[in-house]
Structures are given as structure tokens and as C-alpha cells.
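Here is a friendly briefing to read alongside your model. Please keep the sequence and the 3D view open as you go.

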Amino acid sequence: MQNRKILLSENEIPTHWYNIVHDMPNKPLPPLHPGTKEPIGPEALAPLFPMELIKQEVSTEKYIEIPDEVRDIYKLWRPSPMYRAYGLEKALDTPAKIYYKYDGVSPSGSHKPNTAVAQAYYNKQEGVKRITTETGAGQWGSALSFACNHFDLECEVYMVKISYHQKPYRKVMMNTWGAKVFASPTNLTEAGRKILAEDPDSPGSLGIAISEAVERAAMADDTKYALGSVLNHVLMHQTVVGQEAVKQMEKAGDLPDIVIGPFGGGSNFAGISFPFIRMNLEEGTNIRCIASEPASCPKLTRGVFRYDFGDTVGMTPLLPMYTLGHNFVPAPIHAGGLRYHGAGVVVSQLLKDQLIEATSHDQLECFEAGVLFAQKEGIIPAPETTHAVATAIREANKCKEEGVGKTILIHLCGHGYFDLAAYENYFAGNLVKHEVTTAEIEANLAQLDTPEIG
Ligand SMILES: *Cc1c(COP(=O)(O)O)cnc(C)c1O
């Protein structure tokens, strides 16, 4: 038997982030101003983000050097381990080889600190005192709290009210790293007060929390805003994961046929897959990269490619992306981190150009996959992450039927130890199979009056 664990040493942490925009045959279309619907330049983002991140957002340079201070913090958990899933392979009785890259070893338990640390660093460099953000399930809020704490920045997190009450330990985690956490909607912002006036018992939503965090950042010169997914620079920071994975696969003497990541806004999927897509584009490999999304929020598999807002209220620039419409309200499934109506611009263009694939699963199939994974490999995956496991199992079963042994790589991007209430609900039989209907999708898309992409 080969080694179960494929490890790299500290000096093999990547020195650069990989910017796939440089290699894309069709470059992403520009963002549009929400009012005039004219293309906007990078300067429009200046009130919200530090200059260096804005430069990265529009950069077409192939590699961007990772600052030493950032690499130094990465050393707390990077390079992250890769494992061969012998237990899962055996349970599935498949000829496929399954590997997983595990980013749940980070301090906050997911891939999100890979970008949180970089974002906090550039804000600190540019004299920012305070960063605001929103969080749904709490994974992004805790990653940013950890990063801000390291650089001695204040961190204000607007946490969707229903999650604030359902996930008290994520809040405590953020408080431990010194962050202030507010149950959104709050009465601290115009946006929050407006919602509360209409509905004092509003459970909140990611869209509302974004509006609150953005408003706070726009109000004060010493305060900026940070986003944990979707944007180009965020996806690029995550490519440390895939660059390590390329080396680890080489070390294992293998090359994946299929690379899989769960899909919310695209950051962990980009992280694991972009360095492999680079190989497809440059070296002629034919690695299938599959984004795995919930059947209840299927923007990649059933949405449309057009301009839409990033938030519910319509304050953000219009972005060219796969979307279910910014008014789409996903069912309250347990994979909170995947309940977003849109997809990152770069990943959307790659899907449009058929350089990546997408698939979906209902939540019961995902929890079943998560439990099997936990029983055979030990780690309990985050509810979001179980989607990638479900896709891997589907592909491994296909290998069995067809009698071919492919190599599958899963991004196990987070653990589920703060999400056990979701597993409890699954065991209690409280979760239902849920798929959004075509009528629901069409009705929602019919409301869109944003520009189509022609
Ligand atoms: C946030 C999160 C996701 C979804 O966001 P992406 O940007 O698509 O990666 C998925 N899995 C985990 C563990 C997360 O924390």
C-alpha cells in the first residue's frame, strides 16, 4: 500500500498566487455601474477595498507574489495535507482512486483564511483600522476575525440573525479572536433600520448583511469591507490550495482525471481547480473540473448567464455571471455557505466556455455521502463540503459500472464540527429532499431587468 498521507514541507508553500485571467481564452466582461449600467473602472471600488486588492481584482498578470508576512502565517497550517481515501474506495468497491486535499486544518476550519489573511494584510499596509464583513454560516466571519486579530485590525461582523442564534459557537469563536459580532439586521445602519421598521422579527439574510457591512465601510475613511468569495482576487488567493495539490499528486505519482469542489460563490472550487485548468490550457492535459452545487440553489446547472447584482438590495456593481436572479431566496437547507444566488465572474466565464463542468445534488444525498466519508475516512465534512464528496461517489460508482479506474481528487475544504446540528437534523429525519422547480426559477428570472449578455 502507498502512503495514506501526501505531505509537503514548509518551503513548498507556493510563492505566488496564480491568476487564471491571464490564460483565459475569453477574458471576463467588465462590471457595470448599478445606476448608469456603463462599465466601471477600478476607482469605483476605492471606498470599499484597499488599492492593492483592487489592482489584483483587475490584474491580467499571470502570477502575483505572496508577501512574506502572509506566507509566514500560512505556515500555521500550510501546506495542507492530501490523503488517499483508501477507506472510501474500499467501501464503494470501486476501481477509482480517490484523493482528498484537506483545508479543514486551518485555524478556523476551512479554506477561507487563505484569502482572509491576505486581505487583512493589504488593509493593514494601507493604514486601515477596521474591516467590516457579513457572514452566514459563520465560516467567513471566523476566518476574517482570525486574520484581523493577527494584524491588530478591528473586525465587525454582521451575522445573519437566524445563524447568530442557531450557531452560537461560531460567534464565540469570532469573539475569541476579538471581533464584534452583530445579529443582522441591526439598528446600527440605515439598511438594517429600514428592514426592522418593516419587519421587527426579520431573520436576516446574506443580502441584508452585505448591505449593512458595505454601508458601515462606505461611511468611514478608516474602515474597509472584505468579501469571502466571488471576487477575482478572492478566487486567486485560494490557488495556493491547487498549486500544492499539483505537487502532491506528482509526489503520489498520479494525475487526477477529475477534480471536484463544492460551489457557493466559487472560491474553494477555484482554489483547487485553477492550477489544474492551467495544465489543461498549457500542457494539453484533459482534467475534468466539476463544481458541485445544491439542487436547491442551482445557479450553474439551471441559472442563466447574464448581468446581475451581487446583493439583494441592488447596491453592488452588476456582474456578468450565472445567476438565479438576485431576488432568489434559497430554501433553508443546511449548507448555508452554498445559499448564494450567483457565481464568481471568472468561474462563470469558464463554465460558459466549457472549460469546467457543474453538477448538483439534493441535501439528503449529500448528508448520506458525508456520513459515509466520516465513517470510512474519519473527518466529518462541513455540510457544504459533502456536496463534493457526493459528486466523487457518483463518479466512483460510474467507474465501477464501466470497469475503468479513474483518479478523482476532492477538495475537502472544511470540517463540520460546528455544524453538527445539521447532522443531528439529518439523523432525526428532519431534512427533506429538496429541488427548486423550473417554474420557481423561471418566475424569479422573469423579474430581472438587468442587461442581458448578447
Ligand atoms: C464558504 C464555504 C463554501 C462556499 O464558498 P465558496 O466560495 O464557493 O468556496 C464551501 N465550503 C466551505 C467549507 C465554506 O466555508
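Lys 161 belongs to helix α6, which covers residues 161-166; helices here are DSSP runs of H or I with at least four residues, numbered from the N terminus. This is a predicted model, in which local features need pLDDT of at least 70, side-chain atom pairs count only at pLDDT 80 or more, and totals for chains, interfaces and linings use all residues. Residues are numbered from 1 along each chain as its sequence is written, and side-chain values use heavy atoms, with hydrogens and water left out.

**Around Lys 161**
- Lys 161 is buried, meaning under 20% relative accessible area with a 1.4 Å probe and protein chains only.
- Lys 161 has no salt bridge (a side-chain nitrogen of Lys or Arg within 4 Å of a carboxyl oxygen of Asp or Glu), and the nearest side chain of opposite charge, Asp 201, is 6.9 Å away.
- Beyond its neighbours within four places in sequence, Lys 161 is in contact (heavy atoms within 4.5 Å) with residues including Ala 183, Leu 196, Pro 200 and Gly 204.

**Helix α16**
- The 17 residues of α16 (residues 386-402) should span 24 Å at 1.5 Å a residue, and the end C-alpha atoms are 24 Å apart, which agrees; the expected span is 1.5 Å times one less than the number of residues.
- Among the buried residues of α16 are Thr 386, His 387, Glu 395 and Cys 399.

**Ligand surroundings**
- The ligand is surrounded by 17 residues, each with a heavy atom within 4 Å of it; Lys 112 and Asn 268 are among the closest.
- A polar side-chain atom of Ser 229 lies 2.5 Å from a ligand oxygen atom.
- For Gly 264, a backbone N or O atom lies 2.7 Å from an oxygen atom of the ligand.

Terms used. Helices (H or I, at least four residues) and strands (E, at least two) are DSSP runs, numbered from the N terminus. Buried means under 20% relative accessible area, exposed over 50%, partly exposed in between (1.4 Å probe, protein chains only). Lys and Arg count as positive and Asp and Glu as negative; His and the chain ends are not counted. A polar contact is a pair of N or O atoms within 3.5 Å; within protein, one must be able to donate a hydrogen and the other to accept it, and residues adjacent in sequence count only if both atoms are side-chain atoms.
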